[in-house]
Amino acid sequence: MARLVIVSNRVPDVADSGPRAGGLAVGLADALVPGSLWFGWSGQRVAQRSDEIHTATEDGITYATIDLAEDDYRSYYLGFSNATLWPLFHMMPSLVSFDNAGYNAYRDVNEQFARTLATLIAPDDLIWIHDYQLLGLAEALRQLGVGNRIGFFLHIPFPAPALFDLLPPAEELLHGLLAHDVVGFQTEQDRGHFLGAMYQRGISLQGNDAWHEGRRLHSMVTPIGVDVDAFNRLAVRAVRRVEARRVVESLAGRALMISADRLDYTKGLPARFDAYGRFLSRFPEQLRRISFLQVAAPSREEVDQYKALRDELDYKAGAINGEYSDFDWVPLRYMTRAAGRGVLAGMFRISRIGLVTPLRDGMNLVAMEYIAAQDPLNPGVLILSRFAGAATLLPEALLVNPYDVDQMAEAINTAMLMTLEERQERHVALLERIRTHDATAYCRSFVAVLSQAEG
Ligand code: GDG
């Protein structure tokens, strides 16, 4: 069997056992069988660009990393990747900032990845590149003569063609993608947008394949998923622990509603806080019956928009608690640090409502983890944004428009009033769906298609 080489911007630090917030590391765990290689950035910043490769091995998997130059970290990572592509691909053009220096650094770092990775590759390796930071890597590898089969998976949405067009290097990036054999997307909508952008640029299409200079690029939809049983076990163990018992005690019989996200503007936290405030004002009979816990793991704190988001949320959280708190009741608990994965799983299990309302999201693993963590005899209700990729797979959740504060407030009320029977019915259906679309199915289907590619 060919060796699998995973490439992503960031490679998890094998020496760090602390909480990890981020979907990629979680979803890929299954693809990494002993013998595989995972290549990417170490997370370290150095003064000068350096091609030195560090390697570490754990459980038979080799992790090979390079450091990023401080300037590249600013221009490639914080700049073009996270201040240009991230907001644009999430279809929030007003948050996009662009400059040529950022894009040049992006190309340079993609070339640096190619140069260093090329020294580690054997002829039969299957190369699987992940996400928006590395749109130019395959093309750079081809220029170095790498003829291996190369696949790419986009974890975030692909924007509507008219929005993609706003990007000054749109044409170049799209052409870069043609260097792959297979590109994978989370949803049909993402693939449709991608094929639409190709079509507008005169690339010839045949079904789901694009043809260019005699090469075929196959596109597929393969949604990422979670390891359902592993997450469930984590949740079952966690509720027996003292932290969970303390939370249950502190609730004094009230229903817990939980949200957990990276602190990111795509996750829709301000409107979610507004919806909770609206719920408390429109349904006063529910006052004191609910406690909302928002866990917000800090993320990309050096990007300006993220700082502004934090200030906005501090203000909104203070306003809700100021208005509604009582001597023995705090309506909102808002934590801006990452929780341990086990603790989070336990909180999901003891909560009555999981509130997942991103404005736009490639998939959203929290929604799936919430389902996986539930007790089937007394399951909680998932409220989910229509604009998360996960909504295409989970129609039995209460689907909401994350811009519609009143609709979200009503959904919270519906979830509070839902009978045990209805909660169980919805849960059975949702559990079945996350089992069909789990992490194993995701990895296997992508790797199977990539292995069949003509190369
Ligand atoms: C990208 C796409 C796509 C969250 N807070 C804490 C914590 N988390 C964990 C969750 C989950 C992961 O981080 C987040 O994954 P998501 O999928 O929800 O979101 P992104 O990080 O934006 O991921 C997304 C994903 O890639 C995979 O393709 O689904 O659409 O944006 O596992 O549980 N983990 C811990 N503490 C926290 O406070 N330990």
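Q: Is R288 buried, partly exposed or exposed?
A: Let's start in this predicted model with the loop between α10 (269-282) and β12 (290-297), where R288 is found. Buried means under 20% relative accessible area and exposed means over 50%. R288 has 34% relative accessibility, so this residue counts as partly exposed.

Q: What is the phi of R288?
A: Most residues other than glycine have a negative phi. R288 is not a glycine, yet its phi is positive, at about 70°.

Q: Is D131 buried or exposed?
A: D131 sits in the loop between β5 (126-130) and α4 (137-143). Setting aside neighbours within four places in sequence, D131 touches F152, F153, L154, H155 and I156. The cut-off for buried is under 20%. With a relative accessibility of 9%, D131 therefore counts as buried.

Q: How far apart in space are D131 and T414?
A: Along the sequence, 283 residues separate D131 and T414. From C-alpha to C-alpha, their distance in space is 37 Å.

Q: What length does α8 reach from its first C-alpha to its last?
A: Helix α8 covers residues 228-239, twelve residues in total. At 1.5 Å a residue, 16 Å is expected. The model comes close to that, with a reach of 17 Å.

Q: Why do the buried residues of α8 line one face of the helix?
A: The buried residues in α8 are V228, F231, A235 and A238. In an α-helix, residues three or four places apart point the same way, because there are 3.6 residues a turn. Seen down the axis of α8, the buried residues line one face because they fall within an arc of 100°.

Q: Which helices do the buried residues of α8 pack against?
A: Follow the buried residues of α8, with V228 and F231 among them. Their packing partners are α9 (242-251), α12 (341-350), α13 and α15 (420-436).

Q: At what angle do α8 and α13 pack?
A: On the α8 side, V228, F231, N232 and A235 take part, meeting E369, A372 and A373 in α13. The residues of this contact comprise five nonpolar, one polar and one charged. The crossing of α8 past α13 is right-handed. Their axes lie 8 Å apart, and the angle is about 60°.

How values were computed: Residues are numbered from 1 along each chain as its sequence is written. This is a predicted model: local features need pLDDT of at least 70, side-chain atom pairs count only at pLDDT 80 or more; totals for chains, interfaces and linings use all residues. Side-chain values use heavy atoms; hydrogens and water are left out. Axes are lines fitted to C-alpha atoms, for helices over the stretch in contact, and angles run from 0 to 180 degrees between N-to-C directions. Helices (H or I, at least four residues) and strands (E, at least two) are DSSP runs, numbered from the N terminus. A crossing is left-handed if the near helix is turned anticlockwise from the far one by less than a right angle, and right-handed if clockwise. Contact means heavy atoms within 4.5 Å. Ala, Val, Leu, Ile, Met, Phe, Trp, Tyr, Cys and Pro count as nonpolar, Asp, Glu, Lys and Arg as charged, and the others, Gly among them, as polar. The expected span of a helix is 1.5 Å times one less than its number of residues. Buried means under 20% relative accessible area, exposed over 50%, partly exposed in between (1.4 Å probe, protein chains only). The arc is that of the directions from the helix axis to the C-beta atoms.
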